Amino acid sequence: MTAFAHIRPKSAARGLKAFVAVVCLVIVGLEGWRDWSEREQETARISAETVNLAKSLVQHAEDTFEVADALLVDVVDRVEMGGVLPNAVKRLDTFLVERVQSLQRIKALSVYENDGFLLTSSLPGHRGKVNVEDQAFFRHHKESTSSDWFLGPLIRDPLGGDWVLTLSRRIDKPDGSFGGVVQASIPPRYFANFFGRFDVGTQGSITLIHRDGTVLSRSPYIERAIGSSISSDPLFKEKRGSGSYDYVSPFDNVARMGGYHRNHVFPIGVLASVGRDEALASWNREFIFRGVVISLLVGTLATLGWALAAELRRREETEAELSVLAVTDGLTGLANRRMFDKQLETEWLRASREKSPVSLLLIDVDQFKAYNDIYGHQAGDECLRTLARAVASAARRPGDLAARYGGEELVVLLPDLDEDGAALVAEDIRAKVEALRVRHEASFPSRILTVSIGSATRIPSLDRTRIGPADLIALADDALYKAKQAGRNRVATAKAA
(Lines give C-alpha, C1' and ligand atoms only; values in the text may rest on other atoms or scores of the structure.)
Protein backbone atom coordinates (compact mmCIF):
# COMPACT_ATOMS: atom_id res chain seq x y z
CA MET A 1 0.00 0.00 0.00
CA THR A 2 1.26 3.45 -0.85
CA ALA A 3 1.35 5.95 1.96
CA PHE A 4 -0.41 8.60 -0.11
CA ALA A 5 -3.45 6.46 -1.02
CA HIS A 6 -5.36 7.94 1.91
CA ILE A 7 -4.98 11.53 0.74
CA ARG A 8 -8.39 13.17 0.35
CA PRO A 9 -9.20 16.87 0.25
CA LYS A 10 -10.99 18.22 3.28
CA SER A 11 -13.94 19.61 1.39
CA ALA A 12 -14.76 23.22 2.19
CA ALA A 13 -17.36 23.03 -0.60
CA ARG A 14 -19.62 20.84 1.53
CA GLY A 15 -19.33 23.28 4.41
CA LEU A 16 -20.15 26.17 2.09
CA LYS A 17 -23.26 24.38 0.84
CA ALA A 18 -24.36 23.71 4.40
CA PHE A 19 -23.79 27.36 5.31
CA VAL A 20 -25.76 28.60 2.30
CA ALA A 21 -28.60 26.17 3.10
CA VAL A 22 -28.71 27.34 6.73
CA VAL A 23 -28.71 31.01 5.67
CA CYS A 24 -31.55 30.36 3.20
CA LEU A 25 -33.57 28.49 5.82
CA VAL A 26 -33.01 31.27 8.36
CA ILE A 27 -34.16 33.91 5.86
CA VAL A 28 -37.26 31.89 4.96
CA GLY A 29 -37.96 31.10 8.63
CA LEU A 30 -37.63 34.70 9.80
CA GLU A 31 -39.74 36.00 6.92
CA GLY A 32 -42.36 33.33 7.55
CA TRP A 33 -42.46 34.17 11.26
CA ARG A 34 -42.79 37.89 10.48
CA ASP A 35 -45.58 37.26 7.97
CA TRP A 36 -47.43 35.03 10.41
CA SER A 37 -47.10 37.64 13.18
CA GLU A 38 -48.41 40.36 10.88
CA ARG A 39 -51.32 38.13 9.89
CA GLU A 40 -52.16 37.51 13.54
CA GLN A 41 -51.97 41.24 14.24
CA GLU A 42 -54.21 42.02 11.26
CA THR A 43 -56.71 39.39 12.37
CA ALA A 44 -56.71 40.78 15.92
CA ARG A 45 -57.26 44.31 14.57
CA ILE A 46 -60.21 43.20 12.44
CA SER A 47 -61.68 41.29 15.38
CA ALA A 48 -61.38 44.31 17.68
CA GLU A 49 -63.01 46.62 15.14
CA THR A 50 -65.91 44.26 14.47
CA VAL A 51 -66.46 43.65 18.19
CA ASN A 52 -66.64 47.41 18.77
CA LEU A 53 -69.07 47.74 15.86
CA ALA A 54 -71.21 44.93 17.32
CA LYS A 55 -71.24 46.73 20.69
CA SER A 56 -72.47 49.93 19.06
CA LEU A 57 -75.17 48.19 17.05
CA VAL A 58 -76.45 46.10 19.92
CA GLN A 59 -76.75 49.33 21.91
CA HIS A 60 -78.87 50.78 19.10
CA ALA A 61 -81.07 47.68 19.18
CA GLU A 62 -81.42 48.11 22.94
CA ASP A 63 -82.41 51.75 22.42
CA THR A 64 -85.03 50.65 19.88
CA PHE A 65 -86.60 48.18 22.29
CA GLU A 66 -86.50 50.73 25.12
CA VAL A 67 -88.34 53.28 22.94
CA ALA A 68 -90.94 50.63 22.13
CA ASP A 69 -91.20 49.66 25.79
CA ALA A 70 -91.70 53.27 26.85
CA LEU A 71 -94.68 53.42 24.48
CA LEU A 72 -96.00 50.16 25.91
CA VAL A 73 -95.80 51.49 29.46
CA ASP A 74 -97.64 54.66 28.39
CA VAL A 75 -100.39 52.68 26.61
CA VAL A 76 -100.79 50.27 29.55
CA ASP A 77 -101.25 53.21 31.89
CA ARG A 78 -103.83 54.80 29.56
CA VAL A 79 -105.83 51.57 29.21
CA GLU A 80 -105.71 50.67 32.89
CA MET A 81 -106.71 54.18 33.93
CA GLY A 82 -109.14 55.12 31.12
CA GLY A 83 -110.71 51.74 30.51
CA VAL A 84 -112.00 50.43 27.20
CA LEU A 85 -115.17 52.44 26.74
CA PRO A 86 -115.82 53.73 23.19
CA ASN A 87 -114.67 57.28 23.93
CA ALA A 88 -111.49 56.05 25.62
CA VAL A 89 -110.76 53.69 22.72
CA LYS A 90 -111.30 56.49 20.23
CA ARG A 91 -108.82 58.70 22.03
CA LEU A 92 -106.42 55.75 22.17
CA ASP A 93 -106.73 55.24 18.39
CA THR A 94 -105.61 58.79 17.78
CA PHE A 95 -102.78 58.50 20.28
CA LEU A 96 -101.40 55.31 18.74
CA VAL A 97 -101.47 56.66 15.20
CA GLU A 98 -99.75 59.90 16.18
CA ARG A 99 -96.99 58.20 18.19
CA VAL A 100 -96.13 55.47 15.68
CA GLN A 101 -96.18 57.66 12.56
CA SER A 102 -92.99 59.42 13.65
CA LEU A 103 -91.15 56.19 14.53
CA GLN A 104 -89.73 54.18 11.63
CA ARG A 105 -88.45 51.51 13.97
CA ILE A 106 -92.00 50.50 15.04
CA LYS A 107 -94.40 49.12 12.47
CA ALA A 108 -97.48 48.95 14.68
CA LEU A 109 -98.66 49.39 18.24
CA SER A 110 -101.66 47.23 19.10
CA VAL A 111 -103.93 46.55 22.09
CA TYR A 112 -105.57 43.15 22.47
CA GLU A 113 -108.43 42.35 24.85
CA ASN A 114 -108.35 39.46 27.26
CA ASP A 115 -109.99 37.18 24.70
CA GLY A 116 -107.23 37.85 22.16
CA PHE A 117 -109.21 40.05 19.79
CA LEU A 118 -107.75 43.32 18.57
CA LEU A 119 -109.15 46.30 20.46
CA THR A 120 -107.22 49.08 18.73
CA SER A 121 -104.06 49.59 16.68
CA SER A 122 -101.95 52.25 15.02
CA LEU A 123 -102.91 50.47 11.79
CA PRO A 124 -106.70 51.11 11.44
CA GLY A 125 -109.20 48.75 9.91
CA HIS A 126 -108.41 45.55 11.82
CA ARG A 127 -110.50 45.94 14.98
CA GLY A 128 -112.33 42.77 15.86
CA LYS A 129 -110.89 40.93 12.86
CA VAL A 130 -107.63 39.71 14.39
CA ASN A 131 -107.22 37.27 17.25
CA VAL A 132 -103.79 36.46 18.80
CA GLU A 133 -104.75 34.14 21.64
CA ASP A 134 -102.50 31.43 20.12
CA GLN A 135 -99.46 33.69 19.87
CA ALA A 136 -96.59 33.20 22.29
CA PHE A 137 -96.61 36.75 23.62
CA PHE A 138 -100.35 36.60 24.42
CA ARG A 139 -100.09 33.21 26.15
CA HIS A 140 -97.12 34.41 28.17
CA HIS A 141 -98.94 37.40 29.67
CA LYS A 142 -102.17 35.49 30.19
CA GLU A 143 -100.29 32.83 32.19
CA SER A 144 -97.94 35.19 34.04
CA THR A 145 -98.89 37.95 36.46
CA SER A 146 -95.60 39.76 35.85
CA SER A 147 -95.91 43.30 34.51
CA ASP A 148 -92.44 43.20 32.89
CA TRP A 149 -91.89 43.38 29.15
CA PHE A 150 -91.67 40.23 27.09
CA LEU A 151 -89.63 39.92 23.87
CA GLY A 152 -91.37 37.20 21.93
CA PRO A 153 -90.11 35.12 19.05
CA LEU A 154 -90.35 36.17 15.43
CA ILE A 155 -93.90 35.85 14.13
CA ARG A 156 -95.82 36.70 11.02
CA ASP A 157 -97.51 40.02 11.70
CA PRO A 158 -101.19 39.40 12.50
CA LEU A 159 -101.92 42.75 10.84
CA GLY A 160 -99.90 42.25 7.68
CA GLY A 161 -98.15 38.93 7.30
CA ASP A 162 -94.53 40.16 7.31
CA TRP A 163 -91.96 39.00 9.83
CA VAL A 164 -92.03 41.11 13.00
CA LEU A 165 -90.44 41.12 16.43
CA THR A 166 -92.93 41.48 19.27
CA LEU A 167 -92.32 43.40 22.47
CA SER A 168 -95.36 43.35 24.80
CA ARG A 169 -96.68 44.10 28.28
CA ARG A 170 -99.65 42.81 30.29
CA ILE A 171 -102.76 44.89 31.01
CA ASP A 172 -104.39 44.31 34.39
CA LYS A 173 -108.02 44.96 35.26
CA PRO A 174 -108.84 46.94 38.43
CA ASP A 175 -109.15 43.65 40.33
CA GLY A 176 -105.70 42.51 39.12
CA SER A 177 -106.99 39.92 36.71
CA PHE A 178 -105.79 39.60 33.12
CA GLY A 179 -107.18 42.41 31.02
CA GLY A 180 -105.29 42.04 27.73
CA VAL A 181 -101.92 42.80 26.07
CA VAL A 182 -100.22 45.81 24.53
CA GLN A 183 -97.86 44.76 21.79
CA ALA A 184 -95.35 46.62 19.61
CA SER A 185 -94.36 45.15 16.24
CA ILE A 186 -90.78 45.88 15.13
CA PRO A 187 -89.91 44.85 11.53
CA PRO A 188 -86.59 42.99 10.99
CA ARG A 189 -86.07 45.08 7.86
CA TYR A 190 -85.67 48.15 10.06
CA PHE A 191 -82.54 46.68 11.63
CA ALA A 192 -81.34 45.39 8.23
CA ASN A 193 -81.68 48.88 6.75
CA PHE A 194 -79.94 50.47 9.71
CA PHE A 195 -77.12 47.92 9.69
CA GLY A 196 -76.70 48.55 5.96
CA ARG A 197 -75.40 52.05 6.69
CA PHE A 198 -72.17 50.58 8.01
CA ASP A 199 -69.43 49.52 5.61
CA VAL A 200 -68.38 45.91 6.19
CA GLY A 201 -67.31 45.30 2.61
CA THR A 202 -69.05 43.47 -0.18
CA GLN A 203 -68.68 40.14 1.63
CA GLY A 204 -69.50 41.35 5.13
CA SER A 205 -72.73 41.00 7.07
CA ILE A 206 -74.34 42.23 10.29
CA THR A 207 -76.81 39.94 12.05
CA LEU A 208 -79.18 40.45 14.96
CA ILE A 209 -79.50 37.19 16.90
CA HIS A 210 -81.83 36.12 19.71
CA ARG A 211 -80.22 34.57 22.73
CA ASP A 212 -81.70 31.19 21.73
CA GLY A 213 -79.87 31.35 18.37
CA THR A 214 -82.72 32.59 16.17
CA VAL A 215 -81.69 35.01 13.44
CA LEU A 216 -83.88 38.10 13.96
CA SER A 217 -82.50 40.33 11.23
CA ARG A 218 -79.60 40.50 8.81
CA SER A 219 -77.85 42.89 6.45
CA PRO A 220 -77.67 42.15 3.58
CA TYR A 221 -81.27 41.07 4.05
CA ILE A 222 -82.00 37.45 3.11
CA GLU A 223 -85.62 36.44 3.64
CA ARG A 224 -84.88 32.77 4.15
CA ALA A 225 -82.34 33.59 6.86
CA ILE A 226 -84.93 35.34 9.06
CA GLY A 227 -86.23 32.94 11.65
CA SER A 228 -83.52 30.31 11.09
CA SER A 229 -81.46 29.09 14.02
CA ILE A 230 -77.71 28.84 14.64
CA SER A 231 -78.14 27.37 18.10
CA SER A 232 -76.31 24.19 17.01
CA ASP A 233 -73.15 26.14 16.16
CA PRO A 234 -70.56 25.27 18.88
CA LEU A 235 -68.98 28.70 18.56
CA PHE A 236 -72.33 30.41 19.27
CA LYS A 237 -72.77 28.29 22.40
CA GLU A 238 -69.37 29.43 23.66
CA LYS A 239 -70.11 33.16 23.28
CA ARG A 240 -71.36 34.27 26.68
CA GLY A 241 -70.65 37.96 26.20
CA SER A 242 -68.47 39.17 23.37
CA GLY A 243 -65.48 38.08 21.36
CA SER A 244 -64.20 37.12 17.92
CA TYR A 245 -66.37 34.92 15.73
CA ASP A 246 -64.96 33.10 12.67
CA TYR A 247 -67.40 31.02 10.67
CA VAL A 248 -68.70 29.99 7.27
CA SER A 249 -72.17 31.40 6.67
CA PRO A 250 -74.87 28.74 6.16
CA PHE A 251 -76.80 31.22 3.99
CA ASP A 252 -74.23 32.13 1.32
CA ASN A 253 -71.22 29.88 2.20
CA VAL A 254 -68.91 32.87 2.60
CA ALA A 255 -66.06 32.49 5.11
CA ARG A 256 -66.24 35.43 7.51
CA MET A 257 -64.41 36.75 10.53
CA GLY A 258 -65.86 39.23 12.95
CA GLY A 259 -67.02 40.04 16.44
CA TYR A 260 -70.07 39.23 18.53
CA HIS A 261 -71.56 41.14 21.43
CA ARG A 262 -74.56 40.22 23.57
CA ASN A 263 -76.87 42.75 25.20
CA HIS A 264 -77.19 42.64 28.99
CA VAL A 265 -80.79 43.94 29.09
CA PHE A 266 -82.61 42.27 26.20
CA PRO A 267 -82.00 38.67 25.03
CA ILE A 268 -80.29 39.72 21.82
CA GLY A 269 -76.80 39.97 20.36
CA VAL A 270 -75.20 41.40 17.24
CA LEU A 271 -72.67 39.62 15.02
CA ALA A 272 -70.69 42.05 12.83
CA SER A 273 -68.40 40.32 10.34
CA VAL A 274 -66.36 40.87 7.20
CA GLY A 275 -65.44 38.43 4.44
CA ARG A 276 -62.16 36.70 5.31
CA ASP A 277 -60.79 36.87 1.76
CA GLU A 278 -61.79 40.50 1.33
CA ALA A 279 -60.52 41.59 4.75
CA LEU A 280 -57.14 39.92 4.25
CA ALA A 281 -56.82 40.83 0.55
CA SER A 282 -54.33 43.63 1.23
CA TRP A 283 -52.25 41.42 3.51
CA ASN A 284 -52.39 38.60 0.96
CA ARG A 285 -51.13 40.88 -1.81
CA GLU A 286 -48.24 42.07 0.35
CA PHE A 287 -47.53 38.49 1.38
CA ILE A 288 -47.38 37.31 -2.24
CA PHE A 289 -45.13 40.25 -3.18
CA ARG A 290 -42.79 39.61 -0.26
CA GLY A 291 -42.88 35.89 -0.98
CA VAL A 292 -41.81 36.45 -4.58
CA VAL A 293 -39.01 38.80 -3.50
CA ILE A 294 -37.78 36.43 -0.79
CA SER A 295 -37.99 33.46 -3.19
CA LEU A 296 -35.90 35.33 -5.76
CA LEU A 297 -33.42 36.35 -3.07
CA VAL A 298 -33.13 32.86 -1.63
CA GLY A 299 -33.00 31.30 -5.11
CA THR A 300 -30.24 33.69 -6.19
CA LEU A 301 -28.30 33.13 -2.97
CA ALA A 302 -28.65 29.35 -3.28
CA THR A 303 -27.66 29.38 -6.97
CA LEU A 304 -24.58 31.53 -6.35
CA GLY A 305 -23.67 29.49 -3.27
CA TRP A 306 -23.97 26.20 -5.16
CA ALA A 307 -21.99 27.58 -8.10
CA LEU A 308 -19.27 28.83 -5.75
CA ALA A 309 -19.26 25.49 -3.92
CA ALA A 310 -18.93 23.64 -7.24
CA GLU A 311 -16.01 25.87 -8.26
CA LEU A 312 -14.44 25.40 -4.84
CA ARG A 313 -14.90 21.66 -5.15
CA ARG A 314 -13.22 21.62 -8.55
CA ARG A 315 -10.34 23.63 -7.12
CA GLU A 316 -10.02 21.25 -4.18
CA GLU A 317 -9.99 18.26 -6.49
CA THR A 318 -7.36 19.91 -8.68
CA GLU A 319 -5.21 20.73 -5.66
CA ALA A 320 -5.64 17.19 -4.34
CA GLU A 321 -4.66 15.78 -7.73
CA LEU A 322 -1.62 18.02 -7.83
CA SER A 323 -0.73 16.96 -4.29
CA VAL A 324 -0.88 13.32 -5.34
CA LEU A 325 1.10 13.97 -8.51
CA ALA A 326 3.75 15.77 -6.47
CA VAL A 327 4.50 12.57 -4.55
CA THR A 328 3.74 10.02 -7.29
CA ASP A 329 6.01 8.55 -9.91
CA GLY A 330 4.41 9.17 -13.27
CA LEU A 331 5.50 5.88 -14.83
CA THR A 332 4.83 3.30 -12.13
CA GLY A 333 2.16 5.01 -10.05
CA LEU A 334 4.19 4.35 -6.91
CA ALA A 335 5.52 7.02 -4.55
CA ASN A 336 8.39 9.02 -6.00
CA ARG A 337 11.83 9.56 -4.52
CA ARG A 338 10.77 12.76 -2.78
CA MET A 339 7.86 11.04 -1.02
CA PHE A 340 10.08 8.11 -0.07
CA ASP A 341 12.76 10.33 1.51
CA LYS A 342 10.13 12.24 3.52
CA GLN A 343 8.39 9.06 4.72
CA LEU A 344 11.70 7.39 5.64
CA GLU A 345 12.67 10.39 7.77
CA THR A 346 9.28 10.38 9.50
CA GLU A 347 9.32 6.66 10.25
CA TRP A 348 12.95 6.80 11.37
CA LEU A 349 12.19 9.47 13.98
CA ARG A 350 9.11 7.60 15.21
CA ALA A 351 10.98 4.30 15.46
CA SER A 352 13.87 5.96 17.32
CA ARG A 353 11.45 7.17 19.97
CA GLU A 354 9.62 3.86 20.24
CA LYS A 355 12.74 1.67 19.86
CA SER A 356 11.04 -0.27 17.06
CA PRO A 357 12.67 -1.69 13.92
CA VAL A 358 12.59 -0.19 10.43
CA SER A 359 13.14 -2.46 7.40
CA LEU A 360 13.97 -1.49 3.85
CA LEU A 361 13.87 -3.52 0.62
CA LEU A 362 15.82 -2.34 -2.42
CA ILE A 363 14.64 -4.05 -5.61
CA ASP A 364 16.41 -4.12 -8.98
CA VAL A 365 15.36 -5.73 -12.27
CA ASP A 366 17.91 -8.27 -13.41
CA GLN A 367 19.54 -7.43 -16.75
CA PHE A 368 17.17 -4.49 -17.30
CA LYS A 369 19.52 -2.69 -19.72
CA ALA A 370 19.61 -5.76 -21.88
CA TYR A 371 15.80 -5.97 -21.67
CA ASN A 372 15.54 -2.44 -23.04
CA ASP A 373 18.03 -3.18 -25.77
CA ILE A 374 16.15 -6.31 -26.89
CA TYR A 375 12.50 -5.21 -26.49
CA GLY A 376 12.72 -1.44 -26.62
CA HIS A 377 12.12 1.32 -24.10
CA GLN A 378 8.32 1.13 -24.32
CA ALA A 379 8.47 -2.52 -23.35
CA GLY A 380 10.89 -1.52 -20.61
CA ASP A 381 8.40 0.99 -19.25
CA GLU A 382 5.66 -1.62 -19.31
CA CYS A 383 8.03 -4.00 -17.51
CA LEU A 384 8.51 -1.46 -14.73
CA ARG A 385 4.74 -0.92 -14.44
CA THR A 386 4.19 -4.68 -14.15
CA LEU A 387 6.90 -4.90 -11.51
CA ALA A 388 5.36 -1.95 -9.61
CA ARG A 389 1.99 -3.70 -9.38
CA ALA A 390 3.62 -6.82 -7.95
CA VAL A 391 5.61 -4.79 -5.42
CA ALA A 392 2.59 -2.70 -4.37
CA SER A 393 0.50 -5.83 -3.82
CA ALA A 394 3.10 -7.11 -1.35
CA ALA A 395 3.21 -3.85 0.65
CA ARG A 396 -0.17 -4.47 2.28
CA ARG A 397 0.10 -2.82 5.72
CA PRO A 398 -1.13 0.77 6.24
CA GLY A 399 2.37 2.08 7.04
CA ASP A 400 4.16 0.27 4.20
CA LEU A 401 5.42 2.39 1.33
CA ALA A 402 6.36 1.20 -2.15
CA ALA A 403 8.31 3.77 -4.20
CA ARG A 404 10.43 4.15 -7.32
CA TYR A 405 13.94 4.87 -6.13
CA GLY A 406 15.49 5.57 -9.49
CA GLY A 407 15.82 3.98 -12.94
CA GLU A 408 14.75 0.36 -12.64
CA GLU A 409 15.20 0.32 -8.85
CA LEU A 410 12.19 0.15 -6.55
CA VAL A 411 12.17 0.42 -2.80
CA VAL A 412 9.76 -0.75 -0.08
CA LEU A 413 9.75 0.86 3.37
CA LEU A 414 8.49 -1.51 6.09
CA PRO A 415 8.21 0.20 9.50
CA ASP A 416 7.71 -1.92 12.63
CA LEU A 417 8.88 -5.06 10.81
CA ASP A 418 11.88 -7.11 11.93
CA GLU A 419 14.52 -8.79 9.81
CA ASP A 420 12.66 -12.10 9.39
CA GLY A 421 9.40 -10.33 8.46
CA ALA A 422 11.20 -8.17 5.91
CA ALA A 423 12.82 -11.24 4.39
CA LEU A 424 9.39 -12.88 3.99
CA VAL A 425 8.01 -9.79 2.22
CA ALA A 426 11.08 -9.66 -0.04
CA GLU A 427 10.72 -13.31 -0.96
CA ASP A 428 7.02 -12.77 -1.66
CA ILE A 429 7.88 -9.98 -4.11
CA ARG A 430 10.59 -12.04 -5.80
CA ALA A 431 8.27 -15.01 -6.20
CA LYS A 432 5.42 -12.88 -7.57
CA VAL A 433 7.70 -11.35 -10.22
CA GLU A 434 9.03 -14.75 -11.21
CA ALA A 435 5.47 -16.10 -11.40
CA LEU A 436 4.61 -13.45 -13.98
CA ARG A 437 6.76 -15.40 -16.49
CA VAL A 438 7.61 -12.24 -18.43
CA ARG A 439 9.91 -13.26 -21.33
CA HIS A 440 13.51 -11.97 -20.97
CA GLU A 441 15.95 -13.65 -23.37
CA ALA A 442 19.00 -12.01 -21.73
CA SER A 443 18.19 -13.36 -18.27
CA PHE A 444 20.09 -16.63 -17.87
CA PRO A 445 19.38 -19.36 -17.20
CA SER A 446 15.58 -18.85 -16.66
CA ARG A 447 15.01 -16.52 -19.69
CA ILE A 448 12.19 -14.78 -17.73
CA LEU A 449 12.03 -11.48 -15.89
CA THR A 450 13.43 -11.67 -12.35
CA VAL A 451 14.50 -9.29 -9.63
CA SER A 452 17.18 -9.16 -7.01
CA ILE A 453 16.34 -7.71 -3.60
CA GLY A 454 18.48 -6.34 -0.83
CA SER A 455 16.92 -6.24 2.66
CA ALA A 456 18.14 -4.26 5.64
CA THR A 457 16.65 -3.88 9.13
CA ARG A 458 17.79 -1.63 11.96
CA ILE A 459 16.44 -0.17 15.22
CA PRO A 460 17.10 3.57 14.90
CA SER A 461 18.78 5.68 17.56
CA LEU A 462 18.33 9.36 18.27
CA ASP A 463 22.10 9.59 17.99
CA ARG A 464 22.58 9.82 14.25
CA THR A 465 26.36 9.65 14.55
CA ARG A 466 25.89 5.91 14.90
CA ILE A 467 23.35 5.19 12.11
CA GLY A 468 20.82 7.21 10.17
CA PRO A 469 18.34 6.79 7.30
CA ALA A 470 21.10 7.08 4.71
CA ASP A 471 22.96 4.25 6.39
CA LEU A 472 19.88 2.02 6.15
CA ILE A 473 19.71 2.69 2.41
CA ALA A 474 23.41 1.95 2.06
CA LEU A 475 22.99 -1.35 3.92
CA ALA A 476 20.09 -2.38 1.65
CA ASP A 477 22.14 -1.38 -1.40
CA ASP A 478 25.06 -3.53 -0.21
CA ALA A 479 22.68 -6.45 0.29
CA LEU A 480 21.31 -5.91 -3.22
CA TYR A 481 24.83 -5.98 -4.61
CA LYS A 482 25.44 -9.29 -2.84
CA ALA A 483 22.23 -10.71 -4.29
CA LYS A 484 23.42 -9.72 -7.76
CA GLN A 485 26.85 -11.21 -7.17
CA ALA A 486 25.31 -14.43 -5.89
CA GLY A 487 23.54 -15.05 -9.21
CA ARG A 488 20.49 -12.73 -9.25
CA ASN A 489 16.78 -13.65 -8.71
CA ARG A 490 17.29 -13.87 -4.99
CA VAL A 491 17.01 -12.00 -1.68
CA ALA A 492 20.02 -10.96 0.34
CA THR A 493 19.79 -9.62 3.89
CA ALA A 494 22.22 -7.18 5.43
CA LYS A 495 23.38 -8.56 8.75
CA ALA A 496 23.74 -6.42 11.84
CA ALA A 497 27.31 -5.26 12.52
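## A pair of strands in the sheet

In this predicted model, strand E12, which covers residues 358–365, and strand E15, which covers residues 451–458, pair in the antiparallel sense over eight bridges. Within this pair, Val358 stands opposite Arg458 in E15. In general, the strands of a sheet pair through backbone hydrogen bonds, and they may do so in either a parallel or an antiparallel way.

Strands E12 and E15 belong to an open sheet of five strands, arranged in the order E13-E14-E12-E15-E16, and the pairing in this sheet is mixed. At its edges are strand E13 (401–406) and strand E16 (491–493), each of which pairs on one side only. From one strand to the next, the twist averages 20°.

## The helix across the sheet

Helix H12, made of residues 469–485, lies across E12, E13, strand E14 (409–415), E15 and E16, and it runs at about 145° to E15. This helix has 17 residues and reaches 25 Å from its first C-alpha to its last, which is close to the 24 Å expected at 1.5 Å a residue.

Which residues of H12 are buried? They are Pro469, Leu472, Ile473, Ala476, Ala479, Leu480, Ala483 and Lys484. Seen down the axis of H12, these buried residues fall within an arc of 145°, so they line one face of the helix. They pack against helix H8 (337–354) and also against E12, E13, E14, E15 and E16, whereas on the other side of H12 the residues Ala470, Tyr481, Lys482 and Gln485 are exposed.

## Backbone details after the helix

Just after H12, Gly487 takes a positive phi of about 120°. Asn489, found in the loop between H12 and E16, has a phi near 50°, which is a positive value in a residue other than glycine. With a relative accessibility of 21%, Asn489 counts as partly exposed.

Most residues other than glycine have a negative phi, and most peptide bonds are trans. Against that background, the peptide bond from Phe444 to Pro445 is cis, with omega near 0°, and Pro445 has its place in the loop between helix H11 (419–435) and E15. Arg447 is also placed in the loop between H11 and E15, and its phi is near 55°, a positive value in a residue other than glycine. Arg447 is partly exposed, with a relative accessible area of 30%.

Another cis peptide bond joins Ser219 and Pro220, where omega is about 0°. Pro220 lies in the loop between strand E8 (215–219) and helix H5 (234–238).

Technical notes
Residues numbered from 1 in each chain as written. Predicted model: local features only at pLDDT ≥ 70, side-chain atom pairs only at ≥ 80, totals over all residues. Heavy atoms only, no water. Pairing = 2+ DSSP bridges. Helix = DSSP H or I, 4+ residues; strand = E, 2+ residues; numbered from the N terminus. Axes fitted to C-alpha atoms, helices over the stretch in contact; angles between N-to-C directions. Contact = heavy atoms within 4.5 Å. Expected span 1.5 Å × (residues − 1). Buried < 20%, exposed > 50% of the residue type's maximum accessible area, 1.4 Å probe, protein only. Arc of directions from axis to C-beta.
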